[in-house]
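I opened the notebook to look up a few places in this model. Entries follow in the order I made them.

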Amino acid sequence: MLLSPYPTPGERIRVALLWLWCGLVILFLLVPILIPVPLSFNSGAFFIFPLEGLSTRWYEVVLGTQRWQSAIGNSLIVAFGTTLIATTLGTLTAIALSNEKFPGRRIVMPLLLSPLIVPVVITAVGSYLFYARVGLASTYAGIILAHTALASPFVVVTVGASLTGFDRNLMRAAAISGAKPLTAFFRVMLPLILPGVLSGAAFAFVTSFDEVVVVQFLASAGQRTMPLEMFIGLREKLSPAITAAATLMMALSIVLLVVANLLARRSQGRRAASG
Amino acid sequence: MSALQPSELDRPALARGRPAAGADPKTASAALRRAEFGDRLRSLALAAPLLLLLALSFGIPIVLLLSRAVYDPTIADALPRTSQALGNWNGQGLPDDAAYIALAADLSNSQAKGTAYELAKALNARLPGARSQVLKTVRQLEGAAGKPPLDIMKAVPFWSAPGTWPTIANGTHALTSFYLLSALDLRWNADGGIERVPPEQAIFLQVFLRTFFVAAAVTLATLLLGFPLAYLIASVPKGLAAILIVAVLLPFWTSILVRTAAWTVLLQKFGLVNGLLLWLGFASERLDLMYSRIGLIIAMTHIQLPFTLLPIYSVMRTIAPSQMKAAYSLGAKPFTAFRRVYLPQVFPGVMAGCLLTFILCLGYYITPALIGGASDQLISNFIANYVNVELNWEMAAALSFILLVFTLALFGIFARILGLDRLKMV
């Protein structure tokens, strides 16, 4: 309700100014992320409007050259590894924390969230120092481990939210009906919290796929991921191939996060319906 | 909830044919306690894998890094004899000849073990210029057949200069406050007090102040841009609000690196921002926005805007429009109603958004590295630089330590005043 039923001229001006200001803010929000898209289809080698012509040559560079291909491959290996571990362990932890009797819940939750709070350079430098000693630096396992720390909080939070709508009596009913705990989990609990789990998995995937600081410290030359290749490219020489890579990465994260949010909403909608 | 509601009797063991509750109260309550204990144990076991993994992949690395800030055994390990010989030195003037002889022996020994360079580097971190002196002395000790080590040591002026021996004596303690003090541009003076380092050696205070300044500027900018938009989204009908919120979420879901890349394109000399400024007449010539403070603040504001806006919006959404109407009908002018009815209620959201953005800005690394110039690098960039270029882990650790203290302190305030639940976005 922006305007009162009988607006004064002053009020009209204020609301008009609010709309104007907000319109500019929305332009400020959207234009920068949309700008790489047309540039990535530009046939010229410069970032100047008007565009010289339409072409997919920069996408051919990103999808067709060995350097970018191996970066995409590395990103996928790391992101899938991270998603698998973070989703499995994060879901188990969320189930444990949803139990009111869990000892020390108030301490464990901040600890679980701490990877999001600690500045990422500190995490990266610390991992580099420790992983080098135990032989995990420059390995996929090392990068996946470090990414799991960054990604698992999202899984715990999302699955935790979908568990608040889960009726624990269902598990008791399953147990009384003779189901073993594992059977009850896979046939009763998991199907009901699946949207939350998938949503957490999507968050984990995006977190890992977009991460560049930890990778910068832990990856060897052969393990460069797509964001790292972009970072290096931005430092060396600005090529339109970077706008193509940026567009691809943006499309991937937006699609995954839209799905993640729709799933999360669905699992919360179920909560609203059930309670 | 009473003690014997079904929810408390949730263990299968209990449900499956144990003596029914009520038959014998003692057995029943014992079974209940057992079941609850098992329940706790099971939930701990479920959480254990992730907690263990986090401790290994995240906890230990952080602790190890921070310990480097206060624990540096390089000098103590390389100079065992010297540290013994310095045991009865009072710290004034020069130590006796025994200390010189012990130091010569330690230096020769470290050369034989191949640790001389490490020692030279560690001393150099505390006493600029020490590296070449140590390496020179080591070579002379090695090459001088028959010449007494004491004479060689005395012949190098460095070993009798003021400051050298106090630094060595200090370094023979593996636990050190040297790096933490250095990270704040402080040092021990000769009288055992703490003093500021001379202005020409001071680096970090300025970097911390710069980081705080950039964080504050970005926080303020996001508030100025975000508050009105949050208000608008909370006030318009649902369908329109959903469209507007997508405009906030799209950049929020795009990675920081991609958005930084977009800004490097936009801020180029012949980029869109300069074109716009020229066209609007705000500038008479193309500005150097890349590698500048203002470019950095603009890009960081764009990245942080959703972080400030969303917590504010989530509070505004809960405020019923009828409250403002009630204030108007009671005779409040729009501004008075806003200030006395609306603002106090949205204040927690404003605090949450601003604190979150401020805290996140303190740790920025990617954007300053790509868009900032040499004088716009924030504290995280210095940490990375000490690791990558200077190979000075102790200094990187000390800066991390201080950055982490600031971050955690602010998050403590956040959690204390606002609660951790406010961290959830949307």
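What covers the buried residues of helix 19 of chain B? I started there, keeping in mind that this is a predicted model.

**Entry: helix 19 of chain B**

I listed the cover of the buried residues. It includes helix 6 (120–134) of chain A. From chain B it includes helix 11 (204–235), helix 18 (366–371) and helix 20 (393–418). I then checked the burial of the helix, which runs over residues 379–388. Eight of its 10 residues are buried, so helix 19 of chain B is largely enclosed by the rest of the structure. I wrote down the buried ones: Ile379(B), Ser380(B), Asn381(B), Phe382(B), Ile383(B), Ala384(B), Tyr386(B) and Val387(B).

Leaving out residues up to four places away in sequence, Ile383(B) touches Val121(A) and Val125(A) in chain A. In chain B it touches Ala396(B), Leu399(B) and Ser400(B).

**Entry: the largest nonpolar core**

Which residues have the most contacts inside the largest nonpolar core? I found Val125(A), Ala245(A), Ile383(B) and Leu399(B). The core has 190 residues. Domain 2 (74–174) and domain 3 (204–423) of chain B each give this core at least three residues. As background, nonpolar side chains tend to be buried together in soluble globular proteins.

**Entry: domains of chain B**

I looked up the domain assignment. It gives domain 1 (1–44), domain 2 (74–174) and domain 3 (204–423) in chain B. I also noted the distance between two of the centres. The C-alpha centres of domain 2 of chain B and domain 3 of chain B are 51 Å apart.

**Entry: contact between the chains**

How many residues does each chain bring to the contact? Chain A brings 72 residues and chain B brings 69 residues. On the side of chain B, the largest share is 18 residues, and these come from helix 2 (residues 25–70) of chain B. I sorted that side of chain B by class: 50 nonpolar, 13 polar and six charged residues.

**Entry: helix 17 of chain B**

I compared a straight helix with the modelled one. At 1.5 Å a residue, a straight helix of 29 residues would span 42 Å. Helix 17 (residues 334–362) of chain B spans only 37 Å between its end C-alpha atoms. Where does helix 17 of chain B bend? The bend is at Leu343(B), by about 55 degrees. A proline, Pro344(B), follows within four residues.

**Entry: positive phi**

Most residues other than glycine have a negative phi. I noted two exceptions in chain B. Asp185(B) is not a glycine, yet its phi is positive, about 60 degrees. Asp185(B) sits in the loop between helix 10 (178–183) and strand 1 (186–188) of chain B. With 18 C-beta neighbours inside 10 Å, Asp185(B) counts as partly exposed.

Leu391(B) also is not a glycine and has a positive phi, about 55 degrees. I placed Leu391(B) in the loop between helix 19 and helix 20 of chain B. Is Leu391(B) buried or exposed? Leu391(B) is exposed, because 10 other C-beta atoms lie within 10 Å and the cut-off for exposed is 12 or fewer.

**Entry: pairs along the chain**

I looked up Val206(A), found in helix 9 (residues 181–210) of chain A. Val206(A) counts as buried, with 24 C-beta neighbours inside 10 Å. Val206(A) and Ile254(A) are 48 residues apart in sequence and 9.1 Å apart in space, C-alpha to C-alpha. Not counting residues up to four places away in sequence, Val206(A) touches Ser253(A), Leu256(A) and Leu257(A).

Next was Ile417(B), in helix 20 of chain B. Ile417(B) counts as exposed, with 12 C-beta neighbours inside 10 Å. Ile417(B) and Met351(B) are 66 residues apart in sequence, and their C-alpha atoms are 9.2 Å apart.

Gly275(B) is partly exposed, with 15 other C-beta atoms within 10 Å. The C-alpha atoms of Gly275(B) and Ala120(B) are separated by 53 Å.

Arg14(A) is partly exposed, with 16 other C-beta atoms within 10 Å. Between the C-alpha atoms of Arg14(A) and Ala201(A), 187 residues apart along the chain, I noted 44 Å.

Notes
Residues are numbered from 1 along each chain as its sequence is written. Chains are lettered from A and ligands numbered from 1 in the order in which they are written. This is a predicted model: local features need pLDDT of at least 70, side-chain atom pairs count only at pLDDT 80 or more; totals for chains, interfaces and linings use all residues. Domain bounds come from an automatic or database domain assignment. Two residues are in contact if their C-beta atoms, placed from the backbone, lie within 7 Å. Ala, Val, Leu, Ile, Met, Phe, Trp, Tyr, Cys and Pro count as nonpolar, Asp, Glu, Lys and Arg as charged, and the others, Gly among them, as polar. A nonpolar core is a set of buried Ala, Val, Leu, Ile, Met, Phe, Trp, Tyr and Cys residues joined through C-beta atoms within 7 Å. A residue is buried if 20 or more other C-beta atoms lie within 10 Å of its own, exposed if 12 or fewer, and partly exposed in between; C-beta atoms are placed from the backbone. The expected span of a helix is 1.5 Å times one less than its number of residues. The bend at a residue is the angle between axes fitted to the seven residues ending there and the seven starting there.
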